[in-house]
Structures are given as structure tokens and as C-alpha cells.
Amino acid sequence: MAHDHQRNWKPATSLVHGGTLRSDHGETSEAIFLTQGYVYETAEAAEARFKGENPGFIYSRYANPTVDMFEKRMCALEGAEDARATSSGMAAVTSAILCGLRAGDHIVAARALFGSCRWVVETLAPRYGIEATLVDGTDIANWEKAVRPNTKLFFLESPTNPTLEVVDIAAVAALANSIGARLVVDNVFATPLQQKPLQLGAHVVVYSATKHIDGQGRCLGGVILSDKKWIDENLHDYFRHTGPSLSPFNAWTLLKGLETLPIRVRQQTESAGKIADFLAERPEVARVIYPGRADHPQADVVAKQMTGGSTLICIDLKGGKQAAFAFSNALEIILISNNLGDSKSLITHPATTTHKNLTDEARAELGIGPGTVRLSVGLEDAGDLIEDIERALKAAA
């Protein structure tokens, strides 16, 4: 099904047709190959397959036809040479960070990270002799100061979770190149449609496909994208032997999610922009952070590296935790959940959920206060969501 003109396809087309592998039955919707292993015609054919002389599948922990379709479709979207799909976003992050490092190496990471990502960098890696330094990622000078002779990896997410800080990916990538380090970017909050880290110079991109890629609250998944050489030399064996593989059923669900990703993200971003503007005028709100508004702290970087806003809004409510809880409890359409990127609008209180394991000082450094809530905007009517928010704000006040 590979055509030469595929490289000229726009994302919406690639996300419907990219990487499709049809069986002899000619099915319209991609087949789910729910199989662990594969049968060989002869012992000689098995030997050739294992030697790599005869292309094909060996075992679904390494590769599977449905998972392969998902990986190829993600490569087409991201503009990457190769990819490996994983069982969750955190499996993607952990594999991407650890697969190329060894004891004695050093990581520099932006301190504004999802709680589990921060645990991998700050707690897990040092157990294996890999040092880590966390910096305020919004200033390139902080990255430069943190570099040591043994720095091998930079890691960041942008926009960040939950305060939507934006890091200058091109600047960090240039620094990484100057010292021979790799830059890994978690691109979940921007989605592959609104930010292209590889085009900005990043070396590896990771996603929790659980978020916008599935986008409908159904399954877990992750994906790591990079150049083929890095995947072959670093990730391939790590992935093959540690087994963070994606289930074929989940890969199929994610393939279906990719078909509608552009229209979902476009609608969610448009609604989020309207809601952010509404919130900015409300007296109950101390601060609204939204990439795409002129008052975003890194508005210049947003304009330079993102083609759209975000589906997420960070809101600081006056009145602290009490106000945040009262507001969340008063919402009728918007659901309380720690997921994001869903077709349903979701609200979460980071200080007591996703970032609860951080110290008060660490949360304060990240701008996560007791009144901070993160809103993931779904596919509901924007007017209905604004009415729901307005009513809940009044109830909380």
C-alpha cells in the first residue's frame, strides 16, 4: 500500500490511510492481528527470519502487523524515520530515557514534568548510577549552566503539565547538538498537529497515545519516534528484551483514533481558546495560562514553535483549595478526572492528584498552587461548557 506520493499527503490524509497493510481479504478497516507468534513454512524459513534475511514477524513482543500499522502512521504524521509503540505513555518515556544511558551518564531535564516523568528522572535513574539535574526549562541559560562533561540526555515536555509553560525546543536542541547529547521531547500537550519537535531539532519524540491519539477514554498506549539509526542502536534491543510492547487490540483502537485526530484537536483547541478568553475576564480567577493568548508567559516562543494553541487551560482560582474543590464539584458537564485529551471535558486538581507526590516547595516552583486546576477541553458545545463554568464559578464564590 506504500505509494511514492504518500510523503506529500497532508496530515488528515495520512491519518486515514498511512501505513495501511491489507490482508488477502481486502478489509476496509484495518485488521486486528491478535496473535502472539507466527508460523514458518519450513525450519529454513524460520532460520532466515531470525537472521533478518527474510522480512516478516517473529513474535508480537517485538513487532506485530497491527502495531506496525500504528507505528508507520505515526511516522507519517511526525515526519520520523522509525517508531516503536509501547503499552503506555510512561513506558515510552522510560524506554526513551534509559535505553541509551549507562551508569556515569548525566541527564538534564526541565523541572516542570508530569509526576511520573519526574520520578523516572529524579528517583529511578540515579538508582542505576545515572545522575540528573532539574532546571527551570524556560531559560536556555539554565540548561547551559547544568551541562557537565558526562551530560548525554536532555528531557523536556512543552507545553508543560499542568501550568502550560513553553520551552524553546530549538534552543535546547542546538545546545544538545553542541555537546553531542540527545534531546527527548514529550509532545503530548501540543499534539503532533500543533508542534513538530523533530523539525525544531529534537532527536526523539514521545507520546502518551492514551491522550489525544485515542482521545476517547478507551485504552492506554505510547509511542517513541526518532531516526532509524538511534532506534536500531539504542531502543531496539532494550525494547525487544524488556517488553514494553503495545497490545494489538490497543494499536487498532489507536489507529481508529488517529483517523479523527485532526477534527477533534481543531474543535477542542477552538473551544479552549474561547473558554480561556472567558475565564480571563472573571473576577473569581487569579490567572489563566493558555498558549495562544498574548498574556502567556512565553508568548513569543509559542508563536515561533506552535501552529495552534492547546486543548488544555491552566486556571488559578482565588480562594485556594477550597475554591478549587467547590468549583470542580459544582460542574455538571465537565467531569473530574486526571486524564486529558478526551472527547469529554475533564478537570483535575494537580496538587492533590497528578503532582501530589511533589513537596510543597517543588509545586510552588512549578507554579502549582492550592487553587490551580487543569481543564482539558472536550468536544461538547463551547457555549454549554462556558455556561457550566460560569455557574460553577458563582457556586464556588
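Strands β2 and β4 (residues 151-157) run parallel and are joined by four bridges, where strands count as paired if DSSP finds at least two bridges between them. The model is predicted, so local features need pLDDT of at least 70 and side-chain atom pairs count only at pLDDT 80 or more, while totals for chains, interfaces and linings use all residues. Residues are numbered from 1 along each chain as its sequence is written, and side-chain values use heavy atoms, with hydrogens and water left out. The protein chain holds 15 helices and twelve strands; these elements are DSSP runs numbered from the N terminus, with helices (H or I) of at least four residues and strands (E) of at least two.

**Overall dimensions**

- The radius of gyration of the protein chain, taken over C-alpha atoms, is 22 Å, close to the 21 Å that the globule rule gives for 397 residues, so the chain is as compact as a globular protein of that length; the rule is 2.2 Å times the number of residues to the power 0.38.
- Along the principal axes, the C-alpha atoms of the protein chain fill a box of roughly 75 × 50 × 35 Å.
- Of the 397 residues, 55% count as buried, meaning under 20% relative accessible area, against over 50% for exposed and partly exposed in between (1.4 Å probe, protein chains only).
- The accessible surface comes to about 16900 Å², of which 51% belongs to carbon and sulfur atoms; areas come from the Shrake-Rupley method with a 1.4 Å probe, and for residues only the protein chains shown count as cover.
- Among contacts in the protein chain with a separation of 6 or more, 73% come from residues 24 or more positions apart, a contact being heavy atoms within 4.5 Å.

- On the β4 side, alanine 109 has phenylalanine 155 as its bridge partner.
- Strand β3 (residues 131-135) runs parallel to β2 and is joined to it by five bridges, with histidine 106 opposite glutamate 131.

**The seven-stranded sheet**

- Seven strands form an open sheet of mixed pairing in the order β1-β7-β6-β5-β4-β2-β3.
- The edges are taken by β1 (82-86) and β3, each with a single partner strand, so one side of each is left without a neighbour in the sheet.
- Neighbouring strands of this sheet are turned by 20 degrees against each other on average, direction ignored; axes are lines fitted to C-alpha atoms, for helices over the stretch in contact, and angles run from 0 to 180 degrees between N-to-C directions.
- Strands β6 (residues 204-208) and β7 (residues 222-226) pair in the antiparallel sense over five bridges, and valine 205 stands opposite leucine 225 in β7.
- Helix α7 (residues 169-179) packs on the sheet, touching β4 and β5 (182-186), and its direction makes about 170 degrees with that of β4.
- Helix α10 (residues 228-242) also packs on the sheet, touching β1, β5, β6 and β7, at about 25 degrees to the direction of β1.

**The five-stranded sheet**

- Five strands form an open sheet in the order β8-β9-β12-β11-β10, again with mixed pairing.
- Its edge strands are β8 (285-289) and β10 (335-336), each of which pairs on one side only.
- Helix α11 (residues 248-280) packs on the sheet and touches β8, β9 and β12, its direction making about 15 degrees with that of β9.
- Helix α13 (residues 320-330) lies across β9, β10, β11 (346-348) and β12, running at about 130 degrees to β9.

- Strand β12 is mostly covered, with five of its five residues buried.
- Thr372, Arg374 and Ser376 point one way from β12, and Val373 and Leu375 the other way.
- Strands β9 (residues 312-317) and β12 (residues 372-376) pair in the antiparallel sense over five bridges.
- Bridge partners between these two strands include leucine 312 with serine 376 and cysteine 314 with arginine 374.
- Strand β11 pairs with β12 in the antiparallel sense over three bridges, and isoleucine 347 has leucine 375 as its bridge partner in β12.
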